[in-house]
Amino acid sequence: MNVVVCVKQIPDPAAPGSLDPSTHNLVRGGKLILDDSDSYGVEMGLQLAEQAGGGEVTLVSMAPAGETSGLRTALAMGAAKAILVSDDTLAGSDALSTAKVLAKAIERAQPDLVLAATESTDGYTGTLPVQLAELLGMPSITFAKKVLISDGTVRVERQTEAGYDDVECPLPAVVTVTSGVVEPRYPSFKGIMAAKSKPLEQLAVSDLGLTSDAVGAAGARQEVTGVSAAADRQAGEKVVDEGDAHEHIVRFIEQLKLA
Amino acid sequence: MPIEKIWVLAEHADGGPSSTTLELLTEARSMGTTVEAVAWGPATSELAGTFGDYGASTVYDVGDIGDALPGVSVAAAAAALITSGNAPDVFLLPATFDGRDIAGRLSARLDIPVLTNVVGLAVDGDTVLSQHANFGGTQVATARFTGGRPWLFVVRPKTFAAEPAGSGPAQVQAAAVPSDLGALNTAKVLERHVEERTGPKLDEAAVVVAGGRGIGSADDFAMVEELAKLLNGAAGATRAIVDAGWVPFSYQVGQTGKTVKPTLYIACGISGATQHLVGMKDAKSIVAINKDQDAPIFSISDLGIVGDVHQVVPKLIEALKARG
Ligand SMILES: Cc1cc2nc3c(=O)[nH]c(=O)nc-3n(C[C@H](O)[C@H](O)[C@H](O)COP(=O)(O)OP(=O)(O)OC[C@H]3O[C@@H](n4cnc5c(N)ncnc54)[C@H](O)[C@@H]3O)c2cc1C
Ligand SMILES: Nc1ncnc2c1ncn2[C@@H]1O[C@H](COP(=O)(O)O)[C@@H](O)[C@H]1O
């Protein structure tokens, strides 16, 4: 069973940066890291390949400036190899153009299963994996909270507004996993050392047979026209509990005249 | 080219259109001259009156899709309508599980981009400006499409208020699912599981009492449920404790969970991460109980209690019970 896991490398959310008011670009510093949301996909991929008794996990990522730190983290967890697409013409890509790039890279790996997170921590469009499935000509099951593979079929407990559905489809397929589906392993020292020598293929847009007008800012066909501060919600009264704070809440509720 | 025709993806919930569908239809009326809905399910024609009442002149009925997931089949049916010369200028879809799937599929099928996480819309001449909340809603980015129509917007629930227009029933027109979908359309629902909940619905309740990791354990969540019940409200939760398995996902408030706008939101042991705040910051009033005086939740709370939930909440429950 060969699994491709899409992993996004993002600025550390602990230092989130902000949108530049004049250029509207995200101002960020430092190295990119593995999106925590994707560590669940990596773990799930590793477990499914192990359960299938063979096969490997290939990581696919699109990131600026040849960034590999996040990929190294996922390789250290146990993925076998990685494909990185990095190219200056990709700056300003939206979800659809990113999906086009990832689809071309994934086709090279010929996977039985493609895993992604339901949404990324920094972009959170949540549409990319489904766009990817459509471009790959595959069925998709989103919002998986449990994934089982048997006899060329993937079976998923899919989150719904009301509870969950049992959903099934034949492989190859795209599945998006929610956080909490599995417990991502921490890379071991051995894993970290091994990751340094694992194959990491770096590709440019031209290697994928795509033209630069289909991707990047040109392909996005959208623009940010402005950024403003949201109407501020003022912090109100703050009370340190000395045993009677609940009385403040009771008074607050009474003054709302709820019922 | 002026904005004329607006489509709304209509979802069902409990035998009627979902509340977000009605919100989007209401907004669509103010954006264009013709409002049409795209719906699926075995009973769409029975809802033509409601769709019409909220302003839709036509409902494209994809019909009963059986056990298929809506993502592929509904998107393919809509794409077929669009490419046969029936394209809208704007298509509004709800930010729900199926809404996002349909938007993604449609976008890739027609090779048109999609703007997601929309929290505001405005027609500006021949263009549409969409608003997007950044950084937990502290910043608002405005965006627009620069390419051809239709323009796809995935809109967060509760962005607009639903109001009937009082117009007559919509005309129902069948929209067929193309038969050549092959492997794409092979995902099948085998069984549906509904998590039963009592009391008002989380996204409709006037009072929401939500618990986070500070509650301490799954067992201690009982005090959140009890407080919610005393206030005729619904209990909610952060993703942290949903992921930990303390409560089902249907409790989750935030970016990936429900958007709530109650009169009163009581946050118990919740830090106030941006992804939580986007789901509840529009509550009319917010009370937070957190033992960390610097917790970000306090910056948007009308009343902040710096204290231990295990002290404050039980006393609050007693006091409310004594009050009767
Ligand atoms: C893509 C993405 C989507 C996400 N979507 C959501 C979402 O939809 N909803 C959501 O909620 N989160 C979401 N998150 C997660 C979010 O970032 C936070 O991790 C989460 O909201 C934190 O939950 P918490 O406040 O319960 O836990 P913590 O952040 O751990 O906070 C616990 C708080 O409890 C306080 N506390 C501890 N003990 C006590 C006590 N005895 N009495 C009082 N206070 C106490 C602490 O001071 C602390 O402030 C998402 C994250 C990502 C990356
Ligand atoms: N640049 C990228 N490289 C690899 N995977 C990505 C990239 N962008 C998005 N993804 C995958 O698609 C998921 C959804 O992303 P998004 O559409 O940004 O919410 C992410 O969690 C990743 O699994």
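Reply: The account below begins with chain A as a whole, goes on to some of its residues, and ends with chain B.

This is a predicted model, in which local features need pLDDT of at least 70 and side-chain atom pairs count only at pLDDT 80 or more, while totals for chains, interfaces and linings use all residues, and side-chain values use heavy atoms, with hydrogens and water left out. Residues are numbered from 1 along each chain as its sequence is written, and chains are lettered from A and ligands numbered from 1 in the order in which they are written.

The C-alpha trace of chain A spans about 65 × 45 × 40 Å along its principal axes. Its secondary structure comes to seven helices and 15 strands, where helices (H or I, at least four residues) and strands (E, at least two) are DSSP runs numbered from the N terminus. Of the 259 residues of chain A, 50% count as buried; buried means under 20% relative accessible area, exposed means over 50%, and partly exposed is in between, with a 1.4 Å probe and protein chains only. If one takes the contacts in chain A between residues at least 6 apart in sequence, 72% of them join residues at least 24 apart, a contact being heavy atoms within 4.5 Å. Chain A exposes about 11,300 Å², of which carbon and sulfur atoms supply 50%; such areas come from the Shrake-Rupley method with a 1.4 Å probe, and for residues only the protein chains shown count as cover.

As for charge, chain A has 21 positive and 35 negative side chains, and the centres of the two sets lie 4 Å apart. In this count Lys and Arg are positive and Asp and Glu negative, while His and the chain ends are not counted, and the place of a charge is NZ of Lys, CZ of Arg, CG of Asp or CD of Glu.

One helix of chain A can be followed residue by residue. In α2, residues 69–77, the buried residues are G70(A), L71(A), A74(A), L75(A), A76(A) and M77(A). An α-helix has 3.6 residues a turn, so residues three or four places apart point the same way. After α2(A) comes G78(A), whose phi is positive, near 140 degrees.

R221(A), with a positive phi of about 50 degrees, sits in the loop between α6 (216–220) and β14 (222–229) and is partly exposed, at 21% relative accessible area. Another backbone feature is the cis peptide bond from L171(A) to P172(A), with omega near 0 degrees; P172(A) is in the loop between β11 (163–170) and β12 (173–177).

The cysteines come next. Over all chains the structure holds zero disulfides, a disulfide being a pair of cysteine sulfur atoms within 2.5 Å. For C6(A), the closest cysteine sulfur is that of C169(A), 15 Å away, which is too far for a bond. C6(A) is itself buried, with a relative accessible area of 6%.

S107(B) leads back to chain A. This residue lies in helix α4 (residues 97–110) of chain B and is buried, at 0% relative accessibility. Leaving aside residues up to four places away in sequence, S107(B) touches L96(A) and Q131(A) as well as I112(B), P113(B), V114(B) and L152(B).

G212(B) is found in the loop between β13 (207–211) and α5 (222–230) of chain B, and it is likewise buried, with 0% relative accessibility. Among the residues it touches, not counting those up to four places away in sequence, are T238(B), W246(B) and C268(B), and C268(B) is also buried at 0% relative accessibility.
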